[in-house]
Amino acid sequence: MVFAVTLLGIALLLILGIIFFTIVKYIQRKYYPTWKFPDYVSVGYMEYLYHKFIKRDLPK
């Protein structure tokens, strides 16, 4: 019984996720066709964050 409820919960979560991202994609296509949603971080910014928080070798 617990397994079935857990499986149902995971399935519902996946379905809701698919619906949410479908709506986001629809909004992007209808209202912002030329605007690029940021799905990546620039390499230079990642290097900056690495040196700032991990290596801590940037001057303050």
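Which residue lies over the face of Tyr 31? Lys 30 does, at 5.9 Å from the ring centre. A charge counts as sitting over a ring if NZ of Lys or CZ of Arg is within 6 Å of the ring centre and within 35 degrees of the ring normal.

## About the model

This is a predicted model, in which local features need pLDDT of at least 70 and side-chain atom pairs count only at pLDDT 80 or more, while totals for chains, interfaces and linings use all residues. Residues are numbered from 1 along each chain as its sequence is written, and side-chain values use heavy atoms, with hydrogens and water left out.

## The chain overall

You will find 2 helices and 0 strands here (DSSP runs numbered from the N terminus: H or I of at least four residues for helices, E of at least two for strands). Of the chain's 60 residues, 2% are buried (under 20% relative accessible area; exposed is over 50%, partly exposed in between, with a 1.4 Å probe and protein chains only).

The accessible surface is about 6,200 Å², and carbon and sulfur atoms hold 72% of that (Shrake-Rupley method, 1.4 Å probe; for residues, only the protein chains shown count as cover).

## Aromatic residues

Now to the rings: the structure has 1 aromatic pair. Phe 21 counts as exposed because its relative accessibility is 57%.

Tyr 32 sits in the loop between helix 1 (2-31) and helix 2 (43-55). With 44% relative accessibility, Tyr 32 is therefore partly exposed.

Conventions:
Phe/Tyr/Trp six-rings, centres within 6.5 Å; stacked < 30°, edge-to-face > 60°.
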